[in-house]
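Here are a few exercises to work through with the model open beside you. Try each task before you read its solution.

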Amino acid sequence: MNHLFDKVAADRRADEARAAEIYPYFHRIGSRQDAVVVMEGRRRIMLGSNNYLGLSSCPEVMEAAVKAIEKYGTGCSGSRFLNGNLDLHVELERELADFAGKEDALVFSTGFQTNLGVVSTLVGRGDYVICDVEDHASIYCAAQMSFGKMLRYRHNDMEMLERRLASVPDDAGCLVVVDGVFSTLGDFADLPSICRLARKYGAAVMVDDAHGLGVVGKGGRGTSSHFGLDEDVDVIMGTFSKSLASLGGFVAGRREVVDYLRHSSPPFVFSAALTPACAATALAALRHLKAHPELPERLRGVSDSARRAFAERGIPLLGAAKDGTTPILPVPTGGTMETCVAAKRMFDGGVFVNPFVPPGVPEGHALIRTSFMATHTPDLVEAAADVIAEALGC
């Protein structure tokens, strides 16, 4: 008998949550992704988006997408490697490389695909990839897809990272891959120590800056810039689906490294090219960010206001988020049931948040992730904090 689908029948979590009317996922949005959205027929304050700069509803960014469709059509109908290479892609790559302070850049069709394509191609048989346990799932999938050996270390535990690096054979290649800003907890990687240890042991460093680009660093240039380590980080990965208001991802680094990926990365070579609208949107958002370097500071101001509002109401925050600098504010909630119930109360109160429950987090360590945008007004921050405090019984 084929037991392939036994696991499907045994997993009743979603059905049980639906039956209890606390299922927190796949809510339907009927408006633009903005500080306030219309979700299932009602106005809700959006605290579950990564649209950190609010550029997905910026008129000039939206106009760029419309013009790209009018000029190029809706899709490229093939891979960049063959027929899908637009002058728009090349222009975007050139400006991304300049923004990241690297020699070259390569655009992928999604951020997840970017990590898959970079890590699995650079880490070959006999090589090692070392990851923080809190790294994004795409990094772990990429490590598993490579022919190298994956080692992990406890979150920001530099002593354990050094032990991992010391265990790598002298004749093996080694890549340390880390989130610049961790998406769940909103804290930074200890990038200065990571770069120092990598130099000591001859390893390369790759930073996934999905949640750092547009958020931290000089003019939003990311985590490497935030720490003044632009020259020390070998490979920078970023996404368009957050601060750049689009869909897609990119990698930036030395010209020869990027060109190797351009010709050797299966997820790049064998995937359809980024659509014209997505490429044009990302380019317009990047240019808007460069023209308005004050946007990350505005976001920082909103985030600081949210921290104060949470503190005034007794809403707890996890770890570094209490006095951090990123717009990600995780609220500990404990058990799965309690978390889903709290998220439902917030949703009913007009605030949308992201509940993180097992297996995404360890059992007993569920949390509600709130994230803020540069376009959240003081009134919206205060109103959201009131709803969250009431839902948690603070």
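A salt bridge here is a side-chain nitrogen of Lys or Arg within 4 Å of a carboxyl oxygen of Asp or Glu. We're working on a predicted model, where local features need pLDDT of at least 70, side-chain atom pairs count only at pLDDT 80 or more, and totals for chains, interfaces and linings use all residues. Residues are numbered from 1 along each chain as its sequence is written, and side-chain values use heavy atoms, with hydrogens and water left out.

**Exercise 1. Salt bridges**

Task: work out which parts of the chain the E162 and K200 pair links, then do likewise for R313 and D386.

Solution:
- Start with the E162 and K200 side chains, which meet in a salt bridge at 2.7 Å, N to O. E162 sits in helix α7 (residues 158–167) and K200 in helix α8 (residues 191–201), so the pair links distant parts of the chain, 38 residues apart. Helices are DSSP runs of H or I with at least four residues, strands are E runs of at least two, and both are numbered from the N terminus.
- Next, check accessibility: buried means under 20% relative accessible area, exposed over 50%, and partly exposed in between, using a 1.4 Å probe and protein chains only. E162 is partly exposed because its value is 22%, whereas K200 at 55% is exposed.
- Now take R313, whose closest N and O atoms to D386 are 2.7 Å apart in another salt bridge. R313 is in the loop between α13 and β10, while D386 belongs to helix α15 (residues 378–392), 73 residues apart. R313 counts as buried at 19%, and D386 as partly exposed at 43%.
- Shared partners also join E91, E95, R287 and K290 into one salt-bridge network.
- For the whole structure, the search turns up 23 salt bridges.

**Exercise 2. A sheet and its helices**

Task: find the strand order of the open sheet of 3 strands, then say which helices lie on this sheet.

Solution:
- Reading across, the order is β10-β13-β12, with antiparallel pairing. Two strands count as paired if DSSP finds at least two bridges between them.
- The edges are β10 (328–334) and β12 (354–356), each pairing on one side only. On average, neighbouring strands are turned by 25 degrees against each other, direction ignored.
- Between β12 and β13 (residues 366–371) there are 3 bridges, and P355 stands opposite I368 in β13.
- Helix α13 (residues 295–312) lies across β10 and β13, at about 30 degrees to β10. Helix α14 (residues 336–348) touches β10, β12 and β13, and makes about 30 degrees with β13. Axes are lines fitted to C-alpha atoms, for helices over the stretch in contact (heavy atoms within 4.5 Å); angles run from 0 to 180 degrees between N-to-C directions.

**Exercise 3. The nonpolar cores**

Task: which residues touch the most other members of the largest nonpolar core?

Solution:
- A nonpolar core is a set of buried Ala, Val, Leu, Ile, Met, Phe, Trp, Tyr and Cys residues joined through side-chain atoms within 4.5 Å.
- The largest has 42 residues, and L92, L96 and F240 touch the most other members. α12 gives the most to this core, with 9 residues.
- Leaving aside neighbours within four places in sequence, L96 is in contact with A105, V107, F240, L244, F250 and L286.
- A second, separate core has 27 residues, including L47, A343, V351 and I368.
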